[in-house]
Amino acid sequence: MKTIIDQRFDEERALYGSKDISVEKCSFDGPADGESAFKECENVRVRDSFFNLRYPFWHDHGLKIADSEMTQLCRAALWYSDHIDISGTKLHGIKALRECSHVTMNGCDVISPEFGWSVHDITMEDCTAESEYFMMRSTKLHFKNVKMKGKYSFQYIEDSVFENCRFDTKDAFWHAKNIVVRDSVIKGEYLAWYCENVTFENCRIIGTQPLCYCKGLKLINCEMVDTDLAFERSEVEADITTPVISIKNPLSGHIAVPAVDEIIRDIDGADGIIEIREEKRDL
């Protein structure tokens with residue numbers, strides 16, 4: 001493997017088509033303002049490097065990026081690439097990851113609108129993210145201990161698992177299919193409308209009008225805080241451990257809750273069962 005250490009590159013396609021290279025302590029920045037530094041490369045390792053130019057990693061196969069920084073000017077950093085491992089790295093440019101597959105991210109900081117569109121098979125652990133339309137239309141996500149803030153996240157995703165996460169994001173999980181969220185906190189308005197086969201287990205759900213127009217929805221041992229007009233026109237099985245402000249027109253299923261301030265049934269066919277379960281008390 002060829003090693004490149006402590007160099008600066010700013011020309012167009014600086015390392016185009018490279019194979020089996022290790023790049024350390026390099027800077028991709030300068031007046032030539034060249035794009036696509038690593039386009040069409042294979043088996044590339046990058047460590048402790050700085051990226052301030054556009055489109056560095058397109059059509060690459062086998063990338064390992066560690067302890068590096070991609071600035072706000074490093075837009076659309078990784079597209080059409082596969083078998084990617086990113087650790088300890090800042091991804092701060094818009095559209096930083098798109099149309100990629102078999103991705104692992106650990107200990108990264110993402111500040112990137114429109115991040116992660118149409119990605120397949122991504123594992124993200126111990127990361128933070130700020131984004132809008134985060135991970136849209138992606139499949140096979142496995143997130144663990146991820147903190148995310150933004151809007152319109154996880155829309156149209158499929159076949160994914162989230163564990164020990166904290167999400168502060170409105171309109172999350174719209175149209176999502178075959179999703180499990182465990183031991184997590186989800187804060188935001190209008191959670192998971194139009195979703196299908198989504199399960200929340202041991203979660204804390206915060207915000208207005210969650211979980212409407214859903215099919216195959218399950219809540220297992222979940223808290224609901226400041227939630228009103230929940231479950232409108234949904235097919236739902238729910239075990240809720242906290243009082244709910246209001247529940248509106250659940251179509252079918254069974255909702256068990258310790259208390260609800262208001263139950264609204266003002267359409268035909270809103271036949272979901274709501275059980276007011278007495279709270280257990282220690283004697």
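This is a predicted model: local features need pLDDT of at least 70, side-chain atom pairs count only at pLDDT 80 or more; totals for chains, interfaces and linings use all residues.
Two strands are said to pair when DSSP finds at least two bridges between them.

Let us start with strand β19, which spans residues 166-170. On one side, β19 and strand β17 (residues 139-151) pair in the parallel sense over five bridges, and M148 stands opposite F167. β19 is also joined to strand β21 (residues 185-187), again in parallel, by three bridges. In that pairing, D168 stands opposite K187. The covered face of β19 carries F167 and T169, while R166, D168 and K170 lie on the uncovered face.

E189 forms one with K170, and their closest N and O atoms are 3.7 Å apart. Because E189 lies in the loop between β21 and β22 (196-201) and K170 in strand β19, the pair ties together parts that are 19 residues apart in sequence. Both residues are partly exposed, E189 at 33% relative accessible area and K170 at 27%.

A second example joins E114 and R98, with the closest N and O atoms 3.0 Å apart. Is R98 buried or exposed? At 9% relative accessibility, R98 counts as buried, whereas E114 is partly exposed at 23%. Elsewhere, D33, E35 and R54 are linked in a network of salt bridges.

Finally, I turn to the largest nonpolar core, which has 78 residues. F38, L78, F173, F200 and F231 touch the most other members. Beyond its neighbours within four places in sequence, F200 is in contact with several residues, including V181, I186, L191 and C222. Thank you for your attention.

Technical notes: Residues are numbered from 1 along each chain as its sequence is written. Side-chain values use heavy atoms; hydrogens and water are left out. A nonpolar core is a set of buried Ala, Val, Leu, Ile, Met, Phe, Trp, Tyr and Cys residues joined through side-chain atoms within 4.5 Å. Buried means under 20% relative accessible area, exposed over 50%, partly exposed in between (1.4 Å probe, protein chains only). Contact means heavy atoms within 4.5 Å. Helices (H or I, at least four residues) and strands (E, at least two) are DSSP runs, numbered from the N terminus. A salt bridge is a side-chain nitrogen of Lys or Arg within 4 Å of a carboxyl oxygen of Asp or Glu.
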